[in-house]
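Student: I have a structure to look at and I am new to it. Could we go through its features one at a time, with the general idea before the particular case?

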2 protein chains.
Amino acid sequence: MSGKERLLVRGTQGDLLRLVATGHAESRAQLARVSGLAASSVSLRVEELIDTGLLVEEGSGTSSGGRRPRRLRVSPTAGLLAVADLGAHHARLGLLDLSGVPLVVEERACDIALGPEATLDWMAAAFDDLLAAHGPPGVPLRGVGTGVPGPVDPATGRVVSPSRMPGWNNFPVAEHLGARYDLPVLVENDANLLAVGEARSWPGLDNLMVLKAGSGIGCGVIVDGRLHRGRGAAGDISHVRVRTDSSVMCSCGHPDCLEAYASGAALMAALSELGLATRRPADVVALVENGVPEATALVRNAGRLIGEVLTVLVNFLNPDAIVVGGGLSAAEPLISSIRAAVYERCLPLATRDLEIAVTRGGPDAALLGAGSLLLDAVLG
Amino acid sequence: MSGKERLLVRGTQGDLLRLVATGHAESRAQLARVSGLAASSVSLRVEELIDTGLLVEEGSGTSSGGRRPRRLRVSPTAGLLAVADLGAHHARLGLLDLSGVPLVVEERACDIALGPEATLDWMAAAFDDLLAAHGPPGVPLRGVGTGVPGPVDPATGRVVSPSRMPGWNNFPVAEHLGARYDLPVLVENDANLLAVGEARSWPGLDNLMVLKAGSGIGCGVIVDGRLHRGRGAAGDISHVRVRTDSSVMCSCGHPDCLEAYASGAALMAALSELGLATRRPADVVALVENGVPEATALVRNAGRLIGEVLTVLVNFLNPDAIVVGGGLSAAEPLISSIRAAVYERCLPLATRDLEIAVTRGGPDAALLGAGSLLLDAVLG
DNA sequence: CCATCTTCCTTCGAAATCGAAGACAAGCTG
DNA sequence: CAGCTTGTCTTCGATTTCGAAGGAAGATGG
């Protein structure tokens with residue numbers, strides 16, 4: 001209940017616990033391989049972690065030709081993480097255990113335009129609800145994290161120059177949450193969280209571009225297995241100038257940004273001009289699935305424009321895969337036209353082993369990503 | 001003389017030696033800070049390295065408020081590295097000691113179009129010359145490295161699909177050199193070497209884009225302080241489609257690639273159509289400096305096109321700096337129009353702390369980069 | 001000139017890590 | 001089902017690293 005205790009796991013123990021918690025290893029042998037430590041050292045520390053009650057042995061895994069490994073798991077009673085992914089009109093909220101596995105996930109309507117204080121209060125209340133209803137008694141809260149649909153300065157945890165979060169500019173979200181919870185706190189861009197969450201579903205691929213095509217267009221970048229933040233703004237592709245016949249002004253003050261043509265918001269606006277009412281990106285997908293030709297044409301054009309932008313980035317970054325998520329990703333024509341554009345125009349060398357696919361991580365991927373990043377702050 | 005001995009420095013000793021060799025540390029205290037090891041452990045290992053003769057103490061550094069550090073240096077007699085940077089018509093070749101400091105550097109004319117065998121034989125002969133003339137007797141060769149103006153598969157050390165290296169496609173350069181030298185061998189793209197070399201001149205900046213504007217247009221990417229290779233093709237920007245009125249076919253089979261408008265080769269072709277003869281990018285720079293308006297206009301246009309491509313990458317990667325090198329970088333209008341395009345069109349968040357500057361590393365930067373990468377292979 | 005501070009480096013016992021050897025527990029194969 | 005292979009995990013002595021304490025050498029400031 002308390003929520004004031006800090007976990008005390010230092011050094012090697014912390015490293016090992018983190019590896020189990022983040023799903024990078026689930027047996028002693030695997031821990032040894034992944035951590036680079038000697039098997040004997042791993043056994044020693046794991047023993048201690050089990051004695052402390054932070055780790056538990058849970059049955060045995062599948063053999064790969066020899067003795068079966070004894071599967072390790074972070075103890076369900078070791079603690080909880082409260083995570084959220086705030087969108088413009090909806091938020092997903094959940095409780096995770098310290099291995100990043102969700103206990104509950106809920107989607108609730110909200111309005112981010114009410115401003116940071118109101119929204120964060122609302123979020124805290126929602127967390128309280130979840131904890132009261134689903135939090136096992138006696139299991140302490142260990143960390144709080146949230147994704148927001150705008151850029152976040154990683155050093156300060158402030159939202160900076162968000163285009164779709166009125167009233168939030170420069171608001172110190174991390175500080176505000178820290179004051180309320182006195183726990184490790186995570187604030188991160190929503191596409192970045194999605195990227196981290198997705199990365200878990202693509203083992204072996206160390207360089208990923210994860211596109212979030214929803215009302216806006218975001219992108220999270222995984223380089224060498226880790227989230228690339230740059231100075232905080234990395235991953236933006238929505239304000240790239242695209243090649244079109246017409247000319248439209250974007251909210252950022254420049255003409256012909258990708259966002260102005262290919263974002264869910266832009267598609268919905270275009271559809272409404274054609275007399276087709278939609279309220280969220282999923283409605284656009286529904287129109288496409290129902291074979292409404294105007295919707296399909298618009299989505300296909302959006303895919304082509306996105307693909308042309310990705311072309312530049314694929315040549316440059318040479319990633320292993322492009323993963324497309326977000327509300328619009330369910331529209332088949334979007335993916336196929338992105339694929340067509342990228343494969344047509346990129347260097348063969350860059351597309352040789354390039355995979356372009358839709359999300360594998362499921363609807364909670366961003367929450368799992370938040371859990372993964374938050375664990376780094378909580379353990380160690 | 002021999003050239004057959006392998007260095008034997010394992011584990012921690014190797015790590016420390018590498019840190020000194022690459023210039024990341026030059027005293028015991030600094031080693032401790034940089035390596036994360038305890039000061040006592042560092043002292044112990046350094047003592048051993050000095051006993052082995054690989055490291056030497058050399059005077060004392062400048063005090064920063066307390067006792068002066070005893071400066072450490074890799075022993076000049078510990079070994080030599082032979083490095084080259086092959087261009088289309090010229091090559092720079094040099095000998096470095098194991099701290100990456102050049103003993104000699106020479107520029108010689110060559111012709112890469114003669115094919116891999118002939119060129120690599122020529123290079124080996126040049127190395128022999130340098131060793132005979134400047135190699136201290138008894139100091140063994142420890143590694144050989146070269147940059148090439150085309151993509152290199154990092155796994156195999158083969159040149160793949162080079163556009164300006166006729167006859168080299170799929171040639172196993174690393175293997176060929178390895179057979180001749182029986183030493184650690186490095187083969188890397190020229191722009192990547194330049195990037196690594198430049199990175200040493202920009203301490204504190206961990207994310208760099210280093211543009212090489214010569215006959216071709218290359219780019220090396222430093223992410224998180226390390227060279228980003230992707231699957232081997234990372235850093236290509238020359239085959240990005242640019243926004244122009246006219247339409248020109250590129251050698252890659254697509255229309256309107258950046259290379260077809262903004263590379264040194266393209267500029268020289270355009271100038272020759274105007275009756276202005278140039279043989280190398282430096283000649284273009286000379287025309288600009290002499291105030292030939294056609295040349296200036298062409299260079300300025302090239303800068304604008306390059307800048308527009310960089311716009312996308314800056315928003316996406318959010319680097320600390322863009323460093324411009326290569327033969328054309330001496331042309332002032334190139335830099336200023338790149339700057340103008342990037343600052344005009346990028347997100348304020350991305351350009352806030354972005355530096356756009358010309359090379360600091362000097363003409364040997366690529367050779368120093370080769371040395372730096374080669375050291376990783378030689379030590380440890 | 002002398003006390004005091006800072007930084008650099010070493011000394012030495014405590015603690016962590018390693019690695020080789022072997023016990024243990026499967027799957028596979030004839 | 002015996003023997004082989006593969007992979008997991010533990011035991012134990014040797015090695016490496018740590019960290020606290022202190023000495024060494026210079027900066028600073030009366």
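**Reading the model feature by feature**

Tutor: Let us begin with DNA strand D, where helix 3 of chain B provides the largest share of the nearby surface, namely four residues. Please keep in mind throughout that this is a predicted model.

Student: Which residues come nearest to DNA strand D?

Tutor: Around DNA strand D there are 25 residues, and the nearest of them are S43(A), G66(A), R67(A), S40(B) and R67(B). At least two residues each are supplied to this surface by helix 2 (28-35) and helix 3 of chain A, and likewise by helix 1 (11-21) and helix 3 of chain B. Sorted by class, the surface near DNA strand D consists of six nonpolar, 13 polar and six charged residues.

Student: And how many residues surround DNA strand C?

Tutor: DNA strand C is surrounded by 24 residues, with S40(A), R67(A), S43(B), G66(B) and R67(B) the closest. Two or more residues of the surface come from each of helix 3 (39-52) of chain A and helix 2 (28-35) and helix 3 (39-52) of chain B.

Student: How should I read the way helix 2 and helix 3 of chain A are placed against each other?

Tutor: In general, a pair of packed helices is described by the angle between their axes and by the distance between those axes. Here the axes of helix 2 and helix 3 of chain A come within 9 Å and cross at roughly 120°, and the two helices are therefore oblique to each other. Their crossing is right-handed. On the side of helix 2 of chain A the contact is made by R28(A), A29(A), L31(A), A32(A) and S35(A), and on the side of helix 3 of chain A by A39(A), V42(A), S43(A) and V46(A). By class, the residues of this contact are six nonpolar, two polar and one charged.

Student: How many residues of chain A are in contact with chain B?

Tutor: There are 33 residues of chain A in contact with 33 residues of chain B. On the chain A side, helix 10 (293-317) and helix 12 (348-351) are the elements that give two or more residues, and helix 10 gives the most, with six. That side of chain A has 17 nonpolar, ten polar and six charged residues.

Student: What is the order of the strands in the open sheet of chain B?

Tutor: This sheet of chain B has five strands in the order 5-4-3-6-9, and the pairing is mixed. Strand 5 (102-109) and strand 9 (185-189) stand at the edges with a single partner strand each, so one side of each has no neighbour in the sheet. On average, neighbouring strands are turned by 15° against each other, direction ignored. Strand 6 (residues 141-148) and strand 9 of chain B run parallel and are joined by five bridges, and within this sheet G147(B) has E188(B), in strand 9, as its bridge partner. Helix 5 (residues 173-181) of chain B packs on the sheet, touching strand 6 and strand 9, and its direction makes about 155° with that of strand 9.

Student: Which strands are at the edges of the open sheet in chain A?

Tutor: That sheet has five strands in the order 12-11-10-13-14, with mixed pairing. Its edge strands are strand 12 (226-227) and strand 14 (355-358) of chain A, each of which pairs on one side only.

Conventions
Residues numbered from 1 in each chain as written. Chains lettered and ligands numbered in written order. Predicted model: local features only at pLDDT ≥ 70, side-chain atom pairs only at ≥ 80, totals over all residues. Near = placed C-beta within 6 Å. Nonpolar A, V, L, I, M, F, W, Y, C, P; charged D, E, K, R; others polar. Pairing = 2+ DSSP bridges. Axes fitted to C-alpha atoms, helices over the stretch in contact; angles between N-to-C directions. Parallel < 35°, antiparallel > 145°, perpendicular 65-115°, else oblique. Left-handed = near helix turned anticlockwise from the far one by under 90°. Contact = placed C-beta atoms within 7 Å.
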